[in-house]
Amino acid sequence: MTGNLGTWFVRRTPVFWLTLSILSCVGLFLTWFWGAWSGGLDVAETCALLKGQKYDDAYRTEHWREPSRIFPLHNKCNASYDLVPPWVNPMLVLLAFLAVAGLIAAVWATAVRLRRLWRRWRPTSAV
């Protein structure tokens with residue numbers, strides 16, 4: 001890539017930025033789904049049998065809102081072990097940022113292209 005960043009940015013088509021935004025949204029949904037269902041249907045069984053962790057019912061009763069939140073995702077067996085992998089929440093933030101940035105860039109690139117077309121095809125006044 002030679003030239004400045006502004007030139008590189010403008011040369012990308014609106015379809016490129018829209019595709020980036022859509023793929024980020026798909027990745028966002030899949031990552032959220034992975035994190036939301038990381039505990040399975042029976043959390044106590046998942047903690048004890050699959051992860052080898054002690055299921056603390058008192059802790060879960062005290063923090064009953066945590067597993068039902070949309071963000072940040074947590075599904076803890078006890079105070080020290082979370083069934084949601086540690087990469088899930090940062091990835092959700094990154095993918096949400098990419099989705100919004102891609103959408104803004106698509107609108108910007110469309111505006112730049114329309115302005116260029118308008119300048120090229122606008123009627124000139126005959127003098």
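Colleague: Which helix is Phe33 in?
Modeller: Bear in mind that this is a predicted model, where local features need pLDDT of at least 70, side-chain atom pairs count only at pLDDT 80 or more, and totals for chains, interfaces and linings use all residues. Residues are numbered from 1 along each chain as its sequence is written, and side-chain values use heavy atoms, with hydrogens and water left out. Helices (H or I, at least four residues) and strands (E, at least two) are DSSP runs numbered from the N terminus. On that basis, Phe33 belongs to helix α2.

Colleague: Is Phe33 buried, partly exposed or exposed?
Modeller: Buried is under 20% relative accessible area and exposed is over 50%, with partly exposed in between (1.4 Å probe, protein chains only). Phe33 has a relative accessible area of 41%, so call it partly exposed.

Colleague: How much accessible area does the nonpolar patch have together?
Modeller: Patch members have over 30% relative accessible area and no salt bridge; nonpolar side chains (Val, Leu, Ile, Met, Phe, Trp, Tyr) are joined within 5 Å, like charges within 9 Å. Here Leu18, Ile22, Val26, Phe29, Leu30, Phe33, Trp37, Leu41 and Leu103 make up the surface patch. Helix α2 (residues 14-36) gives the largest share, six residues. Together the patch comes to about 960 Å².

Colleague: And how are the rings of Phe16 and Trp17 arranged?
Modeller: Rings of Phe, Tyr and Trp (its six-membered ring) pair if their centres lie within 6.5 Å; planes under 30 degrees apart are stacked, over 60 edge-to-face, the rest tilted. That rule gives three aromatic pairs. For Phe16 and Trp17 the centres are 4.9 Å apart and the planes at 80 degrees, so the pair is edge-to-face.

Colleague: Within what arc do the buried residues of α3 fall?
Modeller: In helix α3 (residues 43-50), Val43, Thr46 and Cys47 are buried. Looking down the axis of α3, these residues line one face of the helix, because they fall within an arc of 95 degrees.

Colleague: How far is Asp82 from Ser38 in space?
Modeller: Asp82 lies in strand β2 (residues 81-82) and is partly exposed, at a relative accessible area of 22%. In sequence, Asp82 and Ser38 are 44 residues apart. In space, C-alpha to C-alpha, their separation is 9.5 Å.

Technical notes
Areas by Shrake-Rupley, 256 points an atom, 1.4 Å probe, with all protein chains shown as cover. Salt bridge = Lys/Arg side-chain N within 4 Å of Asp/Glu carboxyl O. Arc of directions from axis to C-beta.
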